[in-house]
Amino acid sequence: MLSYILRRIVATLPVMAIVALFVFSLLYIAPGDPAVVIAGDQASPEDVERIRQSLGLDRPFLVQFGSWVWRILHGDLGTSIFTNLPVSTMIGQRLGPTLSLMIITLLLTIVVAVPLGVVAAWKAGSLIDRAIMAFAVFGFSLPVFVVGYVLAYVFALELEWLPVQGYTPLTQGFWPWLENLILPAIALGCVYIALVARITRATMLEVLQQDYIRTARAKGLGQGGILFIHALKNAAVPIVTVIGIGIALLIGGAVVTESVFAIPGLGRLTIDAILRRDYPVIQGIVLLFSFVYVLVNLMIDVTYTLVDPRIRY
Amino acid sequence: MSEQLLGINDLHVAFSTRRGMVEAVRGVTLSVGKGEMLGLVGESGSGKSVTGFATTRLLDAAGRVTGGKILFRGQDVTKLRGDDLRHLQGAAMSMIFQNPRAALNPIRAIGLQIADAILTHKKISKDAARAEALDLLRAVQIRDPEARMNAYPHELSGGMCQRVMIAIAISCNPALLIADEPTTGLDVTTQKVVMDLLADIAAARGMATILITHDLGLAARYCRRIAVMERGRIVEEASPKTLFTAPQHAYTRRLVAASPTATSRIEDLVTEQERERYATVVSKPRQDPAHGTPPLLEVRKLAKRFDQGSAAVADFSMTMAGGESVGLVGESGSGKSTTSRMICRLIDPSEGDIVFDGQSIGHVASRDFHRSPLRKDIQMVFQDPNESLNPRFTAFDCIAHPLMRLDGMRAGDALRKRVEECAERVGLPLDLLPRFPHQLSGGQKARVGIARAIACRPRLLVLDEPTAALDVSVQAVVLQLLDRLRRENDIALLFVSHDLNVVRMLCDRTIVLRNGGIVEQGESRALFDNPKTDYTRKLVEAIPHIETGPALAAAL
């Protein structure tokens with residue numbers, strides 16, 4: 001098991017290398033001279049030349065890539081062109097809110113979507129099933145920012161139950177922290193909940209057809225035991241897979257959600273960096289997100305072995 | 001008869017389908033006494049399993065009891081709800097199923113699965129339930145039960161899985177056990193061991209049993225009374241002896257005739273009225289190959305090793321003449337399917353050679369063999385006609401595909417004629433050709449599989465359990481078809497099967513395999529009548545014969 005995890009970590013290295021190459025090439029994929037792109041529309045030729053010199057853009061591509069990778073391996077993500085702060089410091093400051101948002105959304109999704117899917121499968125074809133699936137289609141169809149603004153309007157402005165926007169770090173208390181994250185998490189989780197609920201329903205429907213479910217019924221087991229002990233665990237592999245893939249959705253959604261709810265997280269930083277053409281920051285964030293995603297995939301694969309004894313590595 | 005335990009009275013069960021309600025059970029009346037073992041026999045679609053499921057209240061959501069009563073200890077099972085029902089299921093009444101591996105939860109240790117059943121019905125601690133589960137594993141004679149408690153179903157053989165199922169079923173000492181095809185898909189020897197165990201346990205615990213099976217011979221061996229079902233009705237109910245010696249109903253007569261016995265011949269498999277039609281076909285005598293002709297197939301010291309494991313097949317040699325039929329028998333894991341696939345050039349042998357019609361083909365890589373001109377000479381009929389036909393291909397496409405790939409035919413009238421000719425040869429009505437596999441019956445699908453295999457006029461047909469998934473009456477027709485094709489077209493048949501009765505009828509010679517090696521071979525009839533090795537004898541004895549002679553009389 002441990003050797004499997006180690007092997008998998010080693011196997012992620014080429015993936016990360018390709019991601020790094022891609023992230024680095026971002027600057028060059030954009031049309032035109034990188035120095036001109038970074039400098040912006042109003043820059044004078046001297047400014048462009050200064051940027052070219054300071055970023056080493058006059059050197060060959062591979063040399064630049066090599067020294068960039070070398071610096072990253074030493075924990076140096078570069079310096080922001082706009083703020084002149086180290087990129088790692090900027091990311092570090094913004095990591096807390098985004099991580100909080102994603103974890104709350106993930107928990108919310110699992111707690112809401114999986115039971116919904118199980119109930120829908122159990123009562124397949126009934127009114128409850130149709131209501132849940134209608135809700136799922138609804139959740140899929142609404143963009144995050146629409147859900148976000150509607151939630152903020154209803155629960156924050158009209159009912160005044162929750163704050164409209166902003167973020168309070170966990171160090172200032174659990175409730176203030178959570179209070180600010182509830183609406184963003186619901187907005188961000190909508191699509192995700194819909195997706196996971198649908199997959200849970202489909203997988204459960206298939207599992208409930210299996211012979212061993214009939215055996216469980218023949219043993220006289222109660223409905224709860226059949227659904228959660230025998231069926232859900234057998235349905236777990238596809239569900240876990242989709243939850244993992246959904247993390248990519250969360251990363252994308254966080255960018256929008258943070259803007260709607262004015263959360264000072266990585267999403268906001270991403271947008272700001274893109275607007276300012278702050279390439280070192282963009283590169284740093286994309287690299288971080290890719291790394292998180294690769295890590296999540298590894299965790300999913302390890303989860304499979306815990307769920308299903310037939311899977312051996 | 002002893003005191004009545006279960007009384008089914010005019011039971012009707014219907015399923016709602018896309019085409020409306022379909023009645024699966026139409027007025028079944030049955031009764032089972034305390035401690036009695038009743039056989040419920042019928043072919044697929046006869047409603048025998050549905051009757052069982054209705055009794056244990058395990059019908060699919062689409063199925064509904066639409067009429068009649070099921071009285072268990074005087075209580076109408078069809079009206080039970082909630083807790084009353086749960087006290088019945090698994091406690092007073094339990095069920096074991098076909099395909100034991102699928103019937104066990106694949107990701108739950110078997111000890112827990114047995115304990116689940118105990119904990120549902122008894123108020124005892126988890127440790128006590130675990131101890132009871134262990135005792136049950138001992139009762140079903142599982143070796144090394146302590147270690148097996150933590151095993152998962154995929155780590156056990158099919159026979160072991162069925163023992164675990166039996167352990168679950170008897171865990172709460174039910175008064176009635178319904179066994180739905182408990183040994184279908186198991187080897188004959190395993191079948192005997194499992195059935196003996198089941199009969200012993202039932203007798204020791206005074207448990208009434210309903211044995212649902214398609215195998216008349218099996219029911220005859222273990223039951224005093226057999227009810228025969230056809231299309232949702234019970235057509236005859238009698239002792240095994242009466243059923244076999246003087247069947248009353250026309251369907252029972254057909255079923256008895258179609259069930260292969262130790263002495264039956266292929267032409268016996270239909271009732272006397274139907275034999276007329278067959279007689280015209282068998283009139284053509286079997287051709288003996290002239291002396292001195294080289295063999296069609298020669299296999300020399302064939303061996304197959306899969307990754308790291310020991311040899312699946314080792315030192316296998318045989319020869320076959322043109323038009324000859326050879327049977328390859330053995331238990332699962334004996335290497336018979338591996339051998340047949342190597343000969344078909346679907347997998348590569350590790351050692352040895354295969355010579356077909358004077359040409360060595362053993363060294364042609366299997367993935368390139370489809371380009372060999374000999375591909376069309378060696379064709380295969382696969383085990384499960386449901387799984388081996390492409391669900392998106394019509395019957396016509398299935399038969400036409402090899403003609404286009406191997407005979408270079410183009411779509412058009414000539415191709416249509418050839419396909420229709422093949423369909424006619426296997427007795428497939430031409431109006432079925434545009435249908436997709438799911439629109440065909442099991443027997444029709446088997447015919448499509450055979451028509452596809454003979455389309456390119458092969459000289460060797462390798463058949464891997466071609467009738468294992470079929471009802472006996474369909475099997476009878478398919479066997480006759482194969483025998484006729486062999487006589488008429490001089491196709492050599494290599495017939496892989498675990499059903500010794502079938503092999504005895506169809507094959508001139510038989511090769512018995514065990515653990516990848518040949519145990520015994522010879523003239524089929526001689527080999528089965530006088531087995532030389534213990535292994536063959538064990539195989540032969542394990543077949544549940546329909547014994548019409550003194551053996552049965554003595555048993556009664």
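How many bridges join strand 3 of chain B to strand 9 of chain B, and do these strands run parallel or antiparallel? Strand 3 (residues 37-42) and strand 9 of chain B are joined by 5 bridges and run parallel, where strands are DSSP runs of E with at least two residues, helices are DSSP runs of H or I with at least four, and both are numbered from the N terminus.

This is a predicted model, in which local features need pLDDT of at least 70 and side-chain atom pairs count only at pLDDT 80 or more, while totals for chains, interfaces and linings use all residues. Residues are numbered from 1 along each chain as its sequence is written, and chains are lettered from A and ligands numbered from 1 in the order in which they are written.

Two strands count as paired if DSSP finds at least two bridges between them.

| Strands (chain B) | Bridges | Direction |
|---|---|---|
| Strand 3 and strand 9 | 5 bridges | parallel |
| Strand 9 and strand 10 | 5 bridges | antiparallel |
| Strand 13 and strand 18 | 5 bridges | parallel |

Within these pairs, Gly39(B) stands opposite Ile226(B) in strand 9, and Met229(B) stands opposite Ile234(B) in strand 10. The hairpin of strands 9 and 10 of chain B has 2 residues between the strands, and Arg231(B) takes a positive phi near 45° there. Because 6 of the 6 residues of strand 9 (residues 225-230) of chain B are buried, this strand is largely enclosed by the rest of the structure; a residue is buried if 20 or more other C-beta atoms, placed from the backbone, lie within 10 Å of its own. Arg225(B), Ala227(B) and Met229(B) point one way from the strand, and Ile226(B), Val228(B) and Glu230(B) the other way.

**The six-stranded sheet**

Chain B also has an open sheet of 6 strands in the order 16-17-18-13-19-20, with mixed pairing. Its edge strands are strand 16 (378-381) and strand 20 (517-523) of chain B, each of which pairs on one side only. In strand 18 of chain B, the bridge partner of Gly327(B) is Phe495(B).

**The two domains**

The domain assignment of chain B gives domain 1 (4-259) and domain 2 (297-552), with bounds that come from an automatic or database assignment. Their centres, taken over C-alpha atoms, are separated by 33 Å. In contact are 22 residues of domain 1 of chain B and 17 residues of domain 2 of chain B, contact requiring C-beta atoms, placed from the backbone, within 7 Å. On the side of domain 1 of chain B that touches domain 2 of chain B, helix 9 of chain B gives the most, with 5 residues.

How values were computed: Contact = placed C-beta atoms within 7 Å. Buried ≥ 20, exposed ≤ 12 C-beta atoms within 10 Å, placed from the backbone.
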